[in-house]
Amino acid sequence: MKRFYSRAAIILSIAVVAFIVASCNSFKKTPVSVVPQPGSANFATTVFLGNSLTAGYQSGALYESAQEYSYPAEIAKEAGIANFEQPLISDPGIGGLLEITNLSGPVITALPSSGQPLNSTLSRPYNNLGVPGALVYDMIDTSSFTAKAGPPRDNPFFQIVLRNTALGNSPVAQALALHPTFISVWIGANDVLGYATSGGTIGTDPATHSLPTDIPTFTYLYTTMMNALLAGAPNAKFVIANIPDVEAIPFFNTIPPVVVNPATEAPVLVNGSPVPLLVMRHDASGNLYAGQANPLYDKILLPALSLELKGVGIPAALGGTGTPLPDSLVLDSLEVSKVETAIAGYNSVIQSVATANPTRVALVDAYSVFNNFAANGYTDPATGVHLTDSYITGGFFGLDGIHPTDQGYGYVANMFIKAINTTFGANLREVNLAYLPGSIQLAKSSPSQSKWPVIPLSDWGRMLKIFQVSNMY
Amino acid sequence: MASIRKLFASLAIIAVWASSAFAGGYQLNETGAKATAMGGAFVARADDPSAIFFNPAGLSYLKGLNVMLGGELILPSTTFRSLGPISTQTDMNSISFFPPNAYVTYSMDNGLGFGVGLFTPYGLGTDWPTNWPGNTIVTKITLQTFYINPTISYSYKHLVSIGVGFDYVLGSVGLAQKVATPFTTEPTATLKGNGNGSSFNFGVLVTPVKEISVGFSYRGRANLKATDGTLSFSDLGALTGQSQFANGTVSTSVPLPATWFLGVAYKGDRYSVEADYQWVGWNAYTSLNLNITQGNTTNEKSIVGDYNNSYIVRVGGDYKISEMFTARAGVFYDKNPIPDMYLEPLLPDADRLGLNVGVGVNVTHNMAIDASYMFLPFKQRTITNSAIGFNGTYNTTANLLGIDISYRL
């Protein structure tokens, strides 16, 4: 009997051990490969062409910490693109990185442009060829890019991104020199943004230099650029994006065109009605005059705030100086309509390129995506993290009111990824916005009595210079 | 411009708490070095003072006054790899824990036994780098419990013994995480609370023949109720003074699930073996509710876990080398209770394999030292459907060293 129990115990034990061992075949650390299906696209050599949005410009500067979260960098991570190189610039970058130095206000100041290129010896073109300030013209302009660092453009980024004519004498030439299998193009915003951010005073129209690039010129330049790329990389697939509505960015929609009580931040009411700001604006025939802002259609630009704090634009009866805000800080209803006409014309051209090449070109409808974002914001379904287009608090746009934050660029990356997946049958995962770090610079500082966001005009001037392009032809 | 005054009203404090939980398989069964060395397969033997934990019916078979004191050094190591074609790895900070155990028992010749035990059957700690990708979920979490367990047992003719006990539970919980803001400044939110609770346990030990014993023990669910916990913020920088970051109070109740052991043991002249099945009632964790009060505002956050009941299969034995030395070994397989979608870096749990060895030394007639070593590999676990959108691969191993000193009068 004792032998029976003994054997039974041993057999039972062996059975249990066997069960345990059989259950544990996966205790080792092994690679987890999540390689996306590229569909009919091939991301082996991918190059991104564009402007500051493509470069990863943020809060007034191009700097390494933001470039790591540029939408090209995010797409490269999701597509598994090896050897993805960007023209990194050490923090705080170049351009004058804006920083909140006091939340009570808040007070915003620019850091010095003391960044240095970190990756300038790369012996081939960068995968991210986005150049802050670039126009569609610059994509195919083969004249000296070094000269663009001097007057009138004073734009240092062409030299930093393109570096050496031996790598190609234009962004398109450098892109093709990589023998790309996939090309992303998001260009054209500056052809209207330069006009808009100057309050309609400076333009890129070759005839007048005071209007957006005219649509025939844009059409010629854009199609020439795309034809060069389509022919130069005959097997490559493309993703191209159209131009967002400027009304969808805080630079144009943060400052209301009416007088606001700094204490309550509510509009001042006289006889029950809000009081329009005094502005320089155009009448229907295009004549400039000093008058009241159109509260429905005029856009007061973000930099007007520093003047408004000094009483400019506010009637003398309400304690202001009674002098109007200058033309350069007001995008009046006439100018808004010119901006909208230009954008519609550009987007029609961009659409037609996509339509003509349905198997090779995916189109990102940035215009609709940004308008939808402006209307509804974005709520992360998993975490509830919520982004809106509000200045500073919205979390989507950085302190320059024009360029996205890390999360904003993640959203942009997803806009591209959706189009790529749909058109090419790929299955790239989208960027998880909830776990991207906050990127609006916040410094410690002493308290201030200021009630409004203060950005010194000199800082805005430096920052906006790259958009305010003139005489470049 | 109205938005400027309410500049931070929209900063989502909700994001702070949306994904917090003291979650997961935070059970610890390593409450005695002798039992641990045999893979925790001990309910049918329960022949040292840790019987108070494993099976209080075993108290009747101890002799005289026994005191046992020791603890378990736990050294876990976890890595997280993000999911994607280009993956980044985060190594958890190295941490160690030493949950102690202490038992005093007295057994009379008439079959009555008494005792009181102090041990830590539930506990948890994770410590991630403060700048890691999941820092808005957790940077640091601790859960400590102490069970004070007075016990009584009675045996009838060495055939059947029963034991019952009462558990008074003391505990503390702590959680630190970064607050999601649009800014480069990342404040740290810290939640701390102390609580208490109660439960009971009982056990049965049947010895139909001298060589065979069958044991069953049960410990009921306790709820660790913390009513006056604190919420505080640090690393605020320029965000100091914003009302979202005012100190607050927190109350919550952490479930400490019921568990039972069923085992059979065979005792030979020089060796013994035992096989156990342990059930753990993890479906007690459906969600954790946190009531957070800041100023006049109270928010309740419910964190869904929907854990499954789980089990542990154990087998182990010992071999008496001499009067002085006994060698021990055991293995167990521990099925984790957390559904994939609710697995979070708070507790990167996975199915575990416990490989145990140990030795017992009778230093003198009255004094013994038991030591155990456990290697505890976790299955690699890849999450692709996280409810909070935090997907990736977790790998964990742990080394555990146990020691107990027993003194018998």
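This is a dialogue on how to read some features of a predicted model.

Trainee: What should I know before reading the numbers?

Mentor: Residues are numbered from 1 along each chain as its sequence is written, and chains are lettered from A and ligands numbered from 1 in the order in which they are written. The model is predicted, so to speak of local features one needs pLDDT of at least 70, side-chain atom pairs count only at pLDDT 80 or more, and totals for chains, interfaces and linings use all residues.

Trainee: What does pLDDT average in chain B?

Mentor: pLDDT is the predictor's confidence in each residue, from 0 to 100. Chain B averages 89, and 94% of the residues score at least 70. Over residues 1-24 of chain B, pLDDT stays under 50. The model scores ipTM 0.83 and pTM 0.88.

Trainee: How many helices and strands does chain B have?

Mentor: Helices (H or I, at least four residues) and strands (E, at least two) are DSSP runs, numbered from the N terminus. Chain B has 4 helices and 21 strands. Its radius of gyration is 23 Å, close to the 22 Å that the globule rule gives for 409 residues, so chain B is as compact as a globular protein of that length. That radius is taken over C-alpha atoms, and the rule is 2.2 Å times the number of residues to the power 0.38. Chain A, for its part, comes to 15 helices and 15 strands.

Trainee: What share of each chain counts as buried?

Mentor: A residue is buried if 20 or more other C-beta atoms lie within 10 Å of its own, exposed if 12 or fewer, and partly exposed in between, with C-beta atoms placed from the backbone. In chain B, 52% of the 409 residues count as buried; in chain A, 53% of the 473 residues do.

Trainee: Which residues of helix α9 in chain A are buried?

Mentor: Start with the general idea. An α-helix has 3.6 residues a turn, so residues three or four places apart point the same way. Helix α9(A), residues 215-232, has 18 residues and reaches 25 Å from its first C-alpha to its last, close to the 26 Å expected; the expected span is 1.5 Å times one less than the number of residues. Its buried residues are A:Phe218, A:Leu221, A:Tyr222, A:Met225, A:Met226 and A:Leu229. Seen down the axis of α9(A), they fall within an arc of 120 degrees, so they line one face of the helix. The arc is that of the directions from the helix axis to the C-beta atoms.

Trainee: Which exposed residues does the face turned away carry?

Mentor: That face of α9(A) carries A:Pro216, A:Asn227 and A:Ala231. The buried residues are covered by elements of chain A including α5, α7, β5, α8 and α12.

Trainee: Which strands of chain B are joined to β13?

Mentor: Two strands pair if DSSP finds at least two bridges between them. Strand β12(B) (residues 259-267) runs antiparallel to β13(B), with 9 bridges, and the two form a hairpin with 3 residues between them. B:Leu262 has B:Tyr277 as its bridge partner in β13(B). Strand β16(B) (residues 310-320) is also antiparallel to β13(B), joined by 10 bridges; there B:Arg314 is the partner of B:Asp276. In β13(B) itself, 7 of the 10 residues are buried.

Trainee: How many residues lie between β14 and β15 of chain B in their hairpin?

Mentor: There are 2 residues between β14(B) and β15(B), and B:Gly295 in the turn has a positive phi of about 60 degrees. The strands pair in the antiparallel sense over 8 bridges, with B:Asn289 opposite B:Ser302 in β15(B).

Methods. Two residues are in contact if their C-beta atoms, placed from the backbone, lie within 7 Å.
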